[in-house]
Amino acid sequence: MSLKYRELKREALHLLRGPSFVMIFLLTSIAAAVVYTMRGTFLIYATVQVFHDMMNLLIGLLAGIVVTTYSITIVALQLTSTQFSPRVIRHLLSQDLYTQITLGSFLSWIIFCLIIKFWILSPLPFDAPPGYTAILWINAAIYGAFFLLAVLLPHFILTIAQNINAAHIIRKIALHTLDVVAEEAQAWEQMEKAEAPAASENDCYVKSKRFGYIQEIDYEAIRHWLRRHPGVLFVEQSRSVGAFLTAGAPIFRFRLSATLAEAQRHQLMQKTGHFLQRCYSVGQFRSFRQDVHFGIRQIVDIAIRAISPAVNDPTTAINCLDYLGQLVLSLTEYRMPTGRVNRYRNEPLYVRTVTFDQIVSQAFDQIYHFGRHDYAVLSRTFSLLNTCVRAVSKQEHLYVLGDEIGEFVEDLLQQIEMETIQAHVSQVQLARLAGIARRTCDDWLAKTEEFAEMGNKMRLLHEKIQNDSRQLRALHDALNS
């Protein structure tokens, strides 16, 4: 079971322990004990006319509840869209299994009661009792309606109230993204950094017949095709998952062996082109499937809106930063590929993926830009980068984090030099901020020393951050004195 559904199950069980449900369970148990003691059965026996009246009452109640339920859902979606981001609406409705099950349960039970009323009860005389089989179906409809009204409805209302909470939304998106990361990690283990084959006049291109966002690519089917058809020298993916694809733009490039006969070559080219057209899906929305970038984009949107002057909620932004830090840590643990183009080790399939550099930039750049005068946002950003630096074990990942730290430190030093940040933070906060940034630089420098060999880019970055660390140390000492 994925992280997202484990969390959903735990939350659902936790809500059932609330005082309202304790009272419902207690009163239901007492009523059940009294009924069974007096009658010796839980089945309801009555005439057809009484059952008709009961079905009318239940159908009316359930129809009213459905209207109320949909109204609650629409209000929750509107509040969420206004406060956070329109992109999270799909997460609350189309991708929320519990909401879909609840709404479907009420609608299906209305249909079930209508079937019993018109197909079982209507053919019978009003003053006659129904048969035993009909009694069982009618009782099932009645007790099912009791369950929907007494248990599922209050549980759904509590769940909706919890779902529009900022921390809950951010956590659900992060859990969904972590599930995607875990799935993609299985493919990353089979990939290696590679250079895409040089373009040639013999290359064949598969152009998209649709436009929209690339939602999924069936890599396993393409690998199987390459194993079955050795005449296809390679297949290269031209657009990464999550990118917008225009009609007529190339989505795949492949090349056939020059040793094939002209007839074989033409036939294989046609077959491969038709096959690759079926190996990708395009839609109007981005999808979590295979798209690590999408979940991070949603959390960043929430953080940016939270620190805007209209909302002014830095706590939500800090909450977003915490989960973004966890996502970046997960990507380093799963050894996300650092190359823009990666190749499956056993097949000539070249895949274009979002790089770790792009993930880190999107996770922190915009939040830092819009919160660069907020002490809480700045300090948490440096602390999270420091945490990621301590956990990283790959030199390429360390370089990306160091480059990000260097950019933020230079901007901070420039703000201090131009005295633009002093109007927003106190001298004590500025001293603490300089100390946090210095420790981040020092920890990165210490981490780079673990690698015996460093490339030229890493050495230049090392010297740059050393200089930044010295400036921060001098500034920190001056502010403390």
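Colleague: Which strands does helix H9 lie across?
Modeller: In this predicted model, H9 covers residues 262-277 and lies across S2, S4 and S6. S4 is 232-237, and S6 is 250-256.

Colleague: And at what angle does H9 run to S6?
Modeller: At about 150°.

Colleague: What order do the strands of the open sheet take?
Modeller: There are six of them, in the order S1-S8-S9-S4-S6-S2. The pairing is mixed.

Colleague: Which strands stand at the edges?
Modeller: S1 (191-193) and S2 (204-207). Each has a single partner strand, so one side of each has no neighbour in the sheet.

Colleague: How much twist is there from one strand to the next?
Modeller: The average is 25°.

Colleague: In which sense do S8 and S9 pair, parallel or antiparallel?
Modeller: Antiparallel, over three bridges. S8 is residues 341-344. Val341 stands opposite Arg352 in S9.

Colleague: What holds strands of a sheet together in general?
Modeller: Backbone hydrogen bonds, with strands either parallel or antiparallel.

Colleague: New topic. How many salt bridges does the structure hold?
Modeller: The count is 18. One of them joins the side chains of Asp203 and Arg255, at 2.6 Å from N to O.

Colleague: Where do Asp203 and Arg255 sit?
Modeller: Asp203 is in the loop between S1 and S2, and Arg255 is in strand S6.

Colleague: What about the largest pocket, what volume does it have?
Modeller: About 370 Å³. Its lining has 15 residues. Thr28, Ala32, Tyr143, Phe146 and Phe147 lie nearest the centre of the pocket.

Colleague: Where does the largest share of the pocket lining come from?
Modeller: From H2, with seven residues. H2 is 19-39, and helix H6 (132-163) also supplies at least two.

Colleague: How does the pocket lining divide by residue type?
Modeller: There are 13 nonpolar residues, one polar and one charged.

Methods:
Residues are numbered from 1 along each chain as its sequence is written. This is a predicted model: local features need pLDDT of at least 70, side-chain atom pairs count only at pLDDT 80 or more; totals for chains, interfaces and linings use all residues. Side-chain values use heavy atoms; hydrogens and water are left out. Two strands pair if DSSP finds at least two bridges between them. Helices (H or I, at least four residues) and strands (E, at least two) are DSSP runs, numbered from the N terminus. Axes are lines fitted to C-alpha atoms, for helices over the stretch in contact, and angles run from 0 to 180 degrees between N-to-C directions. Contact means heavy atoms within 4.5 Å. A salt bridge is a side-chain nitrogen of Lys or Arg within 4 Å of a carboxyl oxygen of Asp or Glu. On a 1 Å grid over the protein atoms alone, a cavity is a set of points where a 1.4 Å probe fits but cannot get out, and a pocket is an open set with protein on both sides within 12 Å along at least five of seven lines; lining residues have an atom within 4 Å of a point. Grid points are joined across faces, edges and corners, and a volume is the space filled by probe spheres set on the points. Ala, Val, Leu, Ile, Met, Phe, Trp, Tyr, Cys and Pro count as nonpolar, Asp, Glu, Lys and Arg as charged, and the others, Gly among them, as polar.
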